[in-house]
Amino acid sequence: MEFIDKARQIANLALEKNAVDPVIMHVSNLCSYTDAIVICHGRSTRQVQAIVSHLTAEMKKRGEYAFIVEGEKEGLWALADYGDVIVHVFHEPMRSYYDLEGIWPDAPSIDIKA
């Protein structure tokens with residue numbers, strides 16, 4: 001599966017659980033460890049947990065397994081590493097505090113809809 005398709009699938013799976021403001025950043029020319037970063041947030045820790053649980057379960061059904069999933073239990077900032085796509089699901093206040101989009105200002109965004 002091409003990383004852009006994978007990132008879009010992940011963003012759309014997050015939207016199925018009402019994730020807020022998902023973005024996909026194309027970073028393959030800017031960093032060495034991944035091709036795309038998906039960022040979104042939930043309005044509560046439970047919603048963050050639901051988003052991460054849903055997307056990891058659905059990706060497994062597609063034969064895509066995360067190398068690691070961290071932070072799901074706490075629900076403040078969860079990370080799922082799919083190698084070529086890294087997913088960050090924040091609790092709303094944490095997203096603005098860490099401002100990952102601001103770390104990658106030169107990263108072009110990828111449209112979620114194909």
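**The sheet and its surroundings**

Modeller: Helix α2 (residues 45–61) lies across β2 (36–42), β3, β4 and β5, and it runs at about 160° to β5. Contact means heavy atoms within 4.5 Å, angles run from 0 to 180 degrees between N-to-C directions of lines fitted to C-alpha atoms, for helices over the stretch in contact, and helices (H or I, at least four residues) and strands (E, at least two) are DSSP runs numbered from the N terminus. This is a predicted model, in which local features need pLDDT of at least 70 and side-chain atom pairs pLDDT 80 or more, while totals for chains, interfaces and linings use all residues. Residues are numbered from 1 along each chain as its sequence is written, and side-chain values use heavy atoms, without hydrogens and water.

The open sheet itself has five strands in the order β1-β2-β5-β4-β3, with mixed pairing, where two strands pair if DSSP finds at least two bridges between them. Because β1 (20–26) and β3 (68–70) stand at the edges with a single partner strand each, one side of each is left without a neighbour in the sheet. From one strand to the next, the twist averages 10°. Within the sheet, β4 (residues 77–81) and β5 (residues 85–91) pair in the antiparallel sense over five bridges, and alanine 78 stands opposite valine 89 in β5.

Proline 108, in the segment after α4 (100–103), is in contact with Ile24, Met25 and His26, leaving aside its neighbours within four places in sequence. The C-alpha atoms of proline 108 and valine 27 are separated by 7.5 Å, although these residues are 81 residues apart along the chain.
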